[in-house]
Amino acid sequence: MQFDTPATTNPIDQLKIVGRPVRRIDGELKVTGRATYAYEGREPNLHYAYGYPVGSAIAKGRITAMDVTAAQDAPGVLAVVTTLSAGEGEKGEYNTARLFGGDRIQHYHQAIAVVVAETFEQARAAAALVKVDYAREEGSYSLHDVRQAAVKPEDAGGSEPDTAVGDFEGAFRAAAVTLDEDYTTPDQSHAMMEPHASIAAWSGDELTVWTSSQMIDWWRSDLAKTLGIDKEKIHLMSPFIGGGFGGKLFLRVDAVLAALGAKATGRAVKVTLPRPFVANNTTHRPATIQRIRIGADSDGAITAIGHESWSGDLPGGGPETAVMQTRLLYAGTNRMTAMRLATLDLPEGNAMRAPGEAPGLMALEIAMDELAEKLGMDPIQLRILNDTQVDPENPERPFTQRDLVGCLTLGAQQFGWDQRRPPASRREGNWLIGMGVAAAFRNNMLISSSARVRLDHAGMLTVETDMTDIGTGSYTIIAQTAAEMLGLPVDKVSVKLGDSRFPVSAGSGGQFGANCSTSGVYAACVKLREAVAAKLGFNSDDAVFEGGVVCSGNRSIALAEAAGPEGLAGEDKIEWGDLSDSHQQSTFGAHFVEVAVDLATGETRIRRMLAVCAAGRILNPLTARSQVIGAMTMGAGGALSEELVVDTARGYFVNHDLAGYEVPVHADIPHQDVLFLDETDPYSSPMKAKGIGELGLCGVSAAIANAIYNATGVRVRHYPITLDKLIGGLPGLA
Ligand code: MOS
């Protein structure tokens, strides 16, 4: 199905099942421990062995020798596969770093060997016996040190690295009120609950892999390339995933090591990356330095807005696209954005939840708060005044829908924004209390997506697509979509995901998964409805699917009967036309936060959070809310604690575990509310839905920073906002 004109009325609009708070259909499997995650492996016929990885102890250089004799002789060891024995190794299409193979070291904890043994403990003990000699080279590990050497990247995530409209410099110089500040965001780790893990088993030249992946087809293609085998020889499955956040978008080395270990031993081999490897072996969100300049009239209308961002990556990598939202969020005739990329020899930087916008808004939305203060304006008023209904860089392109103003005004009313006081003027005992706001913005991307649906003689509908559910609720919204399309209850729909034998879906990424994968299922269901109608001699345009029955004119037939003993199937792919050329599709929101800051220690406690989101049709308010509160929690971590600390002498992330890399826990998040504006966007898809999972993170950290400023009068522009950055400016105990 080609989607190239805005959607009109279709069966989804009935909203009998879609849009309802259906509980997760996979919830019971998960809470009873029956959902099988990658490392668990419950194939009765497989005799599992365990692979433990060895990581490089240097960040850059070459391996000159490896001695594996002690490891090989250790108890229980079946095989040791080293990077030297594995050949040069190809880079996958989607990877910047070489995952395995050859003597070159590109980054710390790059995998250089896997030890396979009868037990996990034996493999781990033997891995410690591998002796490695290195020729170490000088590397570059500090973004601040190499900022001046950063260059304009060739590619910036498919976008132009620079944009310019009007006369930014002139307008900025002439503006009545100006702001010019630098902001920084640190390297961040996905810190998903389930570490990367794979099981591999060979049968002749055919490889079966159970793994934890957001993108089945990308992984399969890259694994085939890395192993130098035909993609068709790989069967890859990832039915349940314990979080990804972008860290499982691209093939990781656990799958490669499991496949090589299995080849070497003839056994089914399990490999999980030990927690420290998640930080230094896999990808992370790159640190940024951002300069924001805004000029405004004395009445608050923006006349000039400029955003520059510096980040680093391994050679061949790309920039963190932190300026993207600034091209679209606020009005202003004179504009510029620029991204600059430096070479760093740290582990590979890559996508983490809302890449670009998440760190970009951490900066821009503090800047807007600062500008409001300079103007003597309420920060909500400033944002409303500078709203735009068209792409400000290309004013002939309207937004398909944009209700940022609605999010801000409803949020202000619900949150009690009128209770906000001037900075450092509200105190309860030893706590300084403050409120902050920020806009949320994230683009809505469209990726093609296929599915297959089968109706059987018992009236059961089975959906198959290689879509993944990374905790987001894909199983449930796909079941809702298929049920709505065929007029069946949700419990008559069986959803099978995460298997390379199923049609290729959009996968889980860029908050496009929900809208795109359900649209693929919609397209397949249209095909199935046509097959049912054709078999019964109905006109498919006036056939009504309802209550397990299909009706046309005065005839009505049970779907089970229509399917017959052989059943009926439909398969299709949603593909996107050029609607995005003429119209800009984005999602919007507003975050409100109240904090209390201890006036002696600078300890910040979040008291209340509210998100208001405008993101097209909400397919399931339970799973959507769950995405947003999770994202708000992640934003709290980004504001207050999360930072991969770089050892700039040795070139690695020091705090590479969940003790040192601090993510929020329940006690950090006392109260969260989420409101969705009632929207449908006919330009987004037949589902009229957009993404929500990344929008929920965009702006949260800035709202917290702004609340801290309102509480204390201390403006911090460098994340995370830890006690040491506040304590010198606090009023202290009077
Ligand atoms: Mo997302 S960072 O595209 O998983």
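1. Let's start at P720, which sits in the loop between helix 17 and helix 18 (723-727). In this predicted model, the peptide bond joining Y719 and P720 is cis, with omega at about -5 degrees. Most peptide bonds are trans, and most residues other than glycine have a negative phi, so this bond deserves a look, along with the two residues in the next point.

2. A191, in the loop between strand 9 (177-185) and strand 10, has a positive phi near 50 degrees without being a glycine. K688 is another non-glycine residue with a positive phi, about 60 degrees, and is found in the loop between strand 30 (672-676) and helix 17. Are these residues buried or exposed? A191 has a relative accessible area of 16%, under the 20% cut-off, and therefore counts as buried. K688 is buried as well, at 7% relative accessibility.

3. A191 turns up again in the lining of the second largest cavity, together with S189, R275, V278, A279, L644, N655, H656, D657, L658 and Y661. This cavity has a volume of about 70 Å³. Six of its lining residues are nonpolar, three are polar and two are charged. Domain 2 (48-138 + 193-243 + 248-280) and domain 3 (288-444 + 585-729) each contribute at least three residues to this lining.

4. Leaving aside neighbours within four places in sequence, I629 is in contact with Q672 and V674. I629 and I669 are 40 residues apart in sequence, while their C-alpha atoms lie 9.7 Å apart in space.

5. The largest nonpolar core has 84 residues, and I294, F592, V595 and I704 have the most contacts inside it. Helix 9 gives the most to this core, with 11 residues. A second, separate core has 46 residues, including Y475, V532, A543 and I557.

6. Beyond its neighbours within four places in sequence, I294 is in contact with F172, V177, T178, L179, I302, A304, I305, L364, A367, M368 and L371.

7. On the overall layout, the protein chain is divided into domain 1 (2-35 + 447-577), domain 2 (48-138 + 193-243 + 248-280) and domain 3 (288-444 + 585-729). The C-alpha centres of domain 1 and domain 3 lie 36 Å apart. Their contact takes 32 residues from domain 1 and 27 residues from domain 3.

8. Finally, a word on S203, placed in strand 10 (residues 197-203). Is S203 buried or exposed? Its relative accessible area is 56%, over the 50% cut-off, so S203 counts as exposed. S203 and K233 are 30 residues apart in sequence, with 10.0 Å between their C-alpha atoms.

How values were computed. Residues numbered from 1 in each chain as written. Predicted model: local features only at pLDDT ≥ 70, side-chain atom pairs only at ≥ 80, totals over all residues. Heavy atoms only, no water. 1 Å grid on protein atoms, 1.4 Å probe; cavity = no way out; pocket = protein on both sides within 12 Å on 5 of 7 lines; lining within 4 Å. Points joined across faces, edges and corners; volume = space filled by probe spheres on them. Nonpolar A, V, L, I, M, F, W, Y, C, P; charged D, E, K, R; others polar. Domains from an automatic or database assignment. Helix = DSSP H or I, 4+ residues; strand = E, 2+ residues; numbered from the N terminus. Buried < 20%, exposed > 50% of the residue type's maximum accessible area, 1.4 Å probe, protein only. Core = buried A, V, L, I, M, F, W, Y, C linked by side-chain atoms within 4.5 Å. Contact = heavy atoms within 4.5 Å.
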